[in-house]
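Visitor: Could you walk me through this model one question at a time, giving the cut-off behind each term as it comes up?

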Amino acid sequence: MLARIPKLLVLAAVSLRVAATPVLFDGRIPHNYTQANLDNSQDPFLTVVKGTESASHYTKLEGNEMAPTPLWRVFPFKADEQVISVSIDNTSVFSPGGNNPQYGFRRTDIIAERDGSPSTLIPIMENGTTVFHFSIKADTKHFLDYRHEYQIVFIEPSDGSHVFGIQLGTPFSSDPNARPAKDAHFFKVLDHSLNVLFRTPFILGVWYNFAIQVDWEARTLGVWYSIEGFPLVPVTGLIENTSQQEGGAGKGEFHFGVLKLPLVNPSDTPEQQGDVVHFGIQEGTTEGLHYSGVFVESGEKGVSVGYGLTSHPIRK
Ligand SMILES: *[C@@H]1O[C@H](CO)[C@@H](O)[C@H](O)[C@H]1NC(C)=O
Ligand SMILES: *[C@@H]1O[C@H](CO)[C@@H](O)[C@H](O)[C@H]1NC(C)=O
Ligand SMILES: *[C@@H]1O[C@H](CO)[C@@H](O)[C@H](O)[C@H]1NC(C)=O
Ligand SMILES: CC(=O)N[C@H]1CO[C@H](CO)[C@@H](O)[C@@H]1O
């Protein structure tokens, strides 16, 4: 794959510039960040949204065991970040504030923070136009079950909605006769109203690179995408996202990880069937995803597309 890059870069150079864009949050964790740092929710990650075991039970830093996305490497092409492997098992029942366990979900969420707090970071990372970068690879030891819905990356304001979201699997249905979706194995990039902005099949052995451009004032989105070592390219135009609330009410925590919704339980009451957070069927399997290349940058000086190159943000 790397051998093909120089040619691509020559082609791309016409529209690309080499410039550093201000990085507002960096989740590309160095090799000195440890499992103990994870357990202590040390910057850059808050790790409390999980089951009853320690954070390091669910999340593993891969050290030199696995190569991250090649996209953010700089000469001499040495990997200077660790892959983060996030998993869920049957103990992954989160109890917000220690009560009302979310038995419908199984979840491990990693949340971006600064100085030990996501809310310190939000006004910095969600201001003007900012770009949310993340790369995802399948965990071939812990497959997902695509009959279920997975919400794996999202920004969640306090109204519980998602400014944008990445979904895998079959969207939850309270109809017990619902069939798995034909595109269940596709990544779906969703807007605030859950429209699909971009879809691509999730194949094993490949890093999928995404960047979501958010204009926090105009409330628009733009989606960038590539695989492996190919520079990011825009895959949508500029998209209205004005169902997102205006101002601070429309801003929220940046999550990535594995959040698995239940299948509906035919023996539950209709009311319970509508309460996906607390009811439904979970098989209790161990499942996971690999992440790398997680960071947020200002769109002020362009969008980073890989190898220190930037491109103009998506415009109308
Ligand atoms: C890792 O090393 C860097 C550079 O020396 C340092 O600034 C940082 O605090 C270290 N991080 C941890 C978690 O020890
Ligand atoms: C999974 O956890 C739930 C809730 O704690 C429990 O009721 C169920 O028996 C467990 N299932 C398995 C397969 O361990
Ligand atoms: C938001 O962006 C404006 C314009 O670039 C800047 O002046 C301000 O300091 C930023 N606010 C924060 C909290 O970073
Ligand atoms: C793709 C798209 O246009 N999504 C939505 C963004 O927000 C507006 C306003 O609520 C919706 O009407 C769009 O469908």
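The conversation below goes from the overall chain to its strands, core, loops and ligands.

Guide: This is a predicted model, in which local features need pLDDT of at least 70 and side-chain atom pairs count only at pLDDT 80 or more, while totals for chains, interfaces and linings use all residues. Residues are numbered from 1 along each chain as its sequence is written, and chains are lettered from A and ligands numbered from 1 in the order in which they are written.

Visitor: What radius of gyration does the chain have, and what would a compact globule have?
Guide: The radius is taken over C-alpha atoms, and the globule rule is 2.2 Å times the number of residues to the power 0.38. The C-alpha atoms fill a box of roughly 60 × 40 × 40 Å along the principal axes. For 316 residues a compact globule would come near 20 Å, and the value for the chain, which agrees, is 19 Å.

Visitor: How many helices and strands does the chain have?
Guide: Both are DSSP runs numbered from the N terminus, with helices (H or I) of at least four residues and strands (E) of at least two. On that basis the chain has five helices and 19 strands.

Visitor: What percentage of the residues of the chain count as buried?
Guide: A residue is buried if 20 or more other C-beta atoms lie within 10 Å of its own, exposed if 12 or fewer, and partly exposed in between, with C-beta atoms placed from the backbone. Of the 316 residues of the chain, the buried share is 43%.

Visitor: Which strands pair with E17, and over how many bridges?
Guide: Strand E17 covers residues 287-298, and eleven of its twelve residues are buried; two strands pair if DSSP finds at least two bridges between them. Strand E2 (residues 23-26) runs antiparallel to E17 with three bridges, Val23 having Glu297 as its bridge partner. Strand E5 (residues 84-88) is also antiparallel to E17, over five bridges, and there Ser85 stands opposite His290. In strand E7 (residues 129-138) Phe132 is partnered by Val296, and the antiparallel pairing of E7 with E17 has eight bridges.

Visitor: Which residues touch the most other members of the largest nonpolar core?
Guide: Such a core is a set of buried Ala, Val, Leu, Ile, Met, Phe, Trp, Tyr and Cys residues joined through C-beta atoms within 7 Å. In soluble globular proteins, nonpolar side chains tend to be buried together. In this model the largest core holds 60 residues, and those that touch the most other members are Ile152 and Phe164.

Visitor: With which residues is Ile152 in contact, leaving aside its neighbours within four places in sequence?
Guide: Two residues are in contact if their C-beta atoms, placed from the backbone, lie within 7 Å. Under that cut-off, and with those neighbours left aside, the partners of Ile152 are Ile166, Leu168, Phe256, Gly257, Val258, Leu259 and Leu289.

Visitor: Is His278 buried or partly exposed, and why?
Guide: His278 is found in the loop between helix H5 (270-273) and E17, and beyond four places in sequence its contacts are Gln102, Tyr103 and Gly104. Because it has 14 C-beta neighbours inside 10 Å, His278 counts as partly exposed.

Visitor: Which peptide bond is cis?
Guide: Most residues other than glycine have a negative phi, and most peptide bonds are trans. Pro44 lies in the loop between helix H2 (35-39) and strand E3 (45-49). With omega at about 15 degrees, the cis bond is the one that joins Asp43 and Pro44.

Visitor: What is phi of Asn100, and is the residue buried or exposed?
Guide: Asn100 lies in the loop between E5 and strand E6 (106-112), and its phi is near 50 degrees, a positive value in a residue other than glycine. Because Asn100 has 11 C-beta neighbours inside 10 Å, it counts as exposed.

Visitor: Which residues surround ligand 4, and how do they divide by class?
Guide: A residue is near a molecule if its C-beta atom, placed from the backbone, lies within 6 Å of it, and those around ligand 4 are Asp191, Ser193, Asn195, Ile239, Glu240, Asn241, Thr242 and Ser243. Ala, Val, Leu, Ile, Met, Phe, Trp, Tyr, Cys and Pro count as nonpolar, Asp, Glu, Lys and Arg as charged, and the others, Gly among them, as polar. The shell around ligand 4 therefore divides into one nonpolar, five polar and two charged residues.
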